[in-house]
Amino acid sequence: MAVIGIDLGSQSTKVVILEGDAIVGGASLSTGESAETEARMAVQEALRQTGLKREDLKAAVATGTLNVPVTAAVKQRSAASCIATGAYFRFPQARTVLYVGCDSSMAIRMSEDGQVEDSVKNERCAVSSGALLDIVSRMLEIPVEELGPISLQATAPERVSSRCVVFAEGEILSFIHKDPPVPVPDVLAGVNQCIADGLWGMVQKVGVPSELLLCGGLARNVGVVKAIEAHLGKPALVPPQPQYVRALGAALFARQLQQEGGTPC
Amino acid sequence: MLTMGIDIGSRSSKCVILHDGKLLTYGSIETGPNIVKTAHTVVEAAVHRRTGLWGEYRMPLPDVKIDHLKIEDMACIVSTGYGRAVVPFAHRSVTEISCHCRGAQWFVPGVSTVLDVGGQDSKGIRVGAKGEIADFVMNDKCAGGTGRFMEIVAEVLQVPLSEIGSQSLKSTKVLPLSTTCAAFGRGAAVALMKEGERKEDILAGLHEAIATRVTALVRKVGIADKFVITGGIGRNVGLVSKIEQRIDGLRVTLPQEPMIVGAVGAALFALDRARMKSPLSPPVR
């Protein structure tokens with residue numbers, strides 16, 4: 001019995017196909033002008049990987065930062081509950097989840113059985129999100145995936161004092177144009193620190209009763225993960241392919257719907 | 001006696017020269033990466049009467065020969081603004097808050113509230129009965145509600161900064177834009193452009209967002225009559241009208257040249273200091 005979770009992020013649309021407890025397919029596409037088109041394409045791509053047909057999908061749930069209904073047949077679940085559900089499935093021992101996407105982020109505290117107890121979002125400010133990494137990646141012309149490993153080579157991280165993405169952009173530009181320029185790893189380590197400091201404030205608001213799980217696209221950046229771990233004082237839990245956690249949570253909701261005898265999509 | 005005020009802002013630099021407290025000349029340039037060089041260049045701009053940033057002069061200037069003036073001719077020079085500590089030839093530096101408070105009173109006697117929105121910060125100042133600073137608030141941590149936000153959106157829309165205000169007045173509907181974060185505002189503006197929305201409507205949304213933000217800021221110190229707006233936004237008719245809609249029937253008083261208010265304040269502080277030191281100044285009784 002296959003079900004699907006669809007996650008409409010601000011930058012990419014992700015889908016996960018679940019059969020029982022096994023993730024059998026997943027796809028991620030850049031979100032363009034029409035969220036619905038990307039969602040359909042991502043579903044097709046995931047289906048192609050699994051060899052399943054559309055009729056084989058017995059239930060679908062959508063979630064994400066973009067508040068657009070994909071199709072009437074698809075049920076919606078809140079981003080917070082999908083993140084918590086996906087995180088709990090990966091690591092039931094985690095009580096706090098920090099999800100960081102391209103321009104949204106969320107810290108969630110869960111009960112022992114994975115229910116959302118408290119959550120905070122970064123609706124008002126881009127500093128606690130992946131936005132700065134995106135800017136830096138464009139500025140330095142380094143692919144986002146390479147930023148983390150390069151930042152680990154830092155010897156003297158350059159402190160970014162701005163607490164605003166826009167001002168930080170100017171500050172980072174001045175590091176690069178210094179004579180001599182600040183080495184790229186030191187710039188990146190400073191950026192990671194700046195992002196981690198902002199995120200840590202959110203984590204503290206919900207509290208960390210036991211383990212902290214990091215997910216969302218930013219959790220793929222090993223430098224940011226290390227900077228958050230420095231605040232935490234111990235290693236954080238990072239699931240494989242952390243960017244799919246929210247879509248996974250949606251797929252788990254779909255499985256639940258299907259078990260309760262929900263409508264096929 | 002000649003005194004000079006030099007205001008090195010985050011985006012633009014202004015220089016004012018007073019002759020015995022009367023405006024002799026002023027000039028403006030964009031702030032470059034090298035502050036020391038910028039400081040020298042803006043003095044040149046004032047001496048040769050150039051306002052690279054704004055086109056024509058709005059204030060009458062005396063028709064006297066001034067292009068021979070040098071830094072050494074000044075009895076005193078006071079610097080202010082974001083780069084004030086780096087001006088090598090300044091005799092002292094004074095904060096922007098003090099200079100805007102002082103300058104606003106020179107332009108508008110009896111001013112009670114000042115809102116200054118510059119390139120990278122915004123501040124509200126409450127002026128006391130004796131012209132002292134009674135209270136102030138400042139936002140320099142976040143680009144929302146600053147000129148930088150307007151620059152970012154103007155860049156996305158490819159509309160010159162000097163035209164965004166008048167264009168926004170042509171809008172027929174106000175499109176909502178993030179009121180807080182300029183980074184989100186950029187994304188929103190790009191998305192609205194893609195959806196085929198009109199530039200003037202996006203600009204109206206931008207002005208609405210900035211007006212909401214800066215009015216909330218200045219409300220913290222209290223808005224009363226006479227309410228003066230200084231800095232770059234004083235030249236933006238769209239924003240001034242949006243702010244006026246939010247201040248309970250009060251009117252905004254605009255200085256003739258809102259961008260030089262801080263520099264005028266600095267030049268007046270320089271005059272105080274020069275008179276204190278000069279043997280020609282009247283003896284203190």
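Predicted model: local features only at pLDDT ≥ 70, side-chain atom pairs only at ≥ 80, totals over all residues.
Biologist: Why is chain B called as compact as a globular protein of its length?

Modeller: The radius of gyration, taken over C-alpha atoms, is compared with the globule rule, 2.2 Å times the number of residues to the power 0.38. For the 285 residues of chain B the rule gives 19 Å. The radius of gyration of chain B is 19 Å, close to that value, so the description holds. Along the principal axes, the C-alpha atoms of chain B fill a box of roughly 65 × 40 × 35 Å.

Biologist: How many helices and strands does chain B have, and what makes a run count as one?

Modeller: Chain B has eight helices and ten strands. Both are DSSP runs numbered from the N terminus: helices are H or I with at least four residues, strands are E with at least two.

Biologist: What makes β3 and β5 of chain B edge strands?

Modeller: Two strands pair if DSSP finds at least two bridges between them. The open sheet runs β3-β2-β1-β4-β5 in chain B, with mixed pairing. β3 (22–30) and β5 (92–93) of chain B each have a single partner strand, so one side of each lacks a neighbour in the sheet.

Biologist: How do you know that β2 of chain B pairs with β3(B)?

Modeller: Eight bridges join β2 (residues 12–19) of chain B to β3(B), and the two run antiparallel. At least two bridges are needed, so they pair. B:Leu18 has B:Leu23 in β3(B) as its bridge partner.

Biologist: What packs on that sheet?

Modeller: Helix α8 (residues 261–277) of chain B does. α8 of chain B touches β1 (2–8), β2, β3, β4 (76–80) and β5 of chain B. Two residues are in contact if their C-beta atoms, placed from the backbone, lie within 7 Å. The direction of α8 makes about 140° with that of β1(B). Axes are lines fitted to C-alpha atoms, for helices over the stretch in contact, and angles run from 0 to 180 degrees between N-to-C directions.

Biologist: Why is B:Leu192 called buried?

Modeller: A residue is buried if 20 or more other C-beta atoms lie within 10 Å of its own, exposed if 12 or fewer, and partly exposed in between, with C-beta atoms placed from the backbone. B:Leu192 has 21 within 10 Å, so it is buried. B:Leu192 is found in helix α5 of chain B. Leaving out residues up to four places away in sequence, B:Leu192 touches B:Leu175, B:Glu197 and B:Ile202. In chain B, 51% of the 285 residues count as buried.

Biologist: Which residues of α3(B) are buried, and what do they pack against?

Modeller: The buried ones are B:Gly147, B:Arg148, B:Phe149, B:Met150, B:Ile152, B:Val153 and B:Ala154. They pack against α5 (165–176) of chain A, together with β6 (113–117), α4 (164–168), α5 and α6 (199–219) of chain B. B:Gln158 follows α3(B) and has a positive phi, near 55°.

Biologist: Where do the domains of chain B lie?

Modeller: Domain 1 of chain B is 1–107 + 259–285, and domain 2 is 109–254. Such bounds come from an automatic or database domain assignment. The centres of the two domains of chain B, taken over C-alpha atoms, are separated by 26 Å. Their contact takes twelve residues from domain 1 of chain B and 20 residues from domain 2 of chain B. On the domain 1 side, helix α2 (residues 96–107) of chain B gives the largest share, six residues.

Key. Residues numbered from 1 in each chain as written. Chains lettered and ligands numbered in written order.
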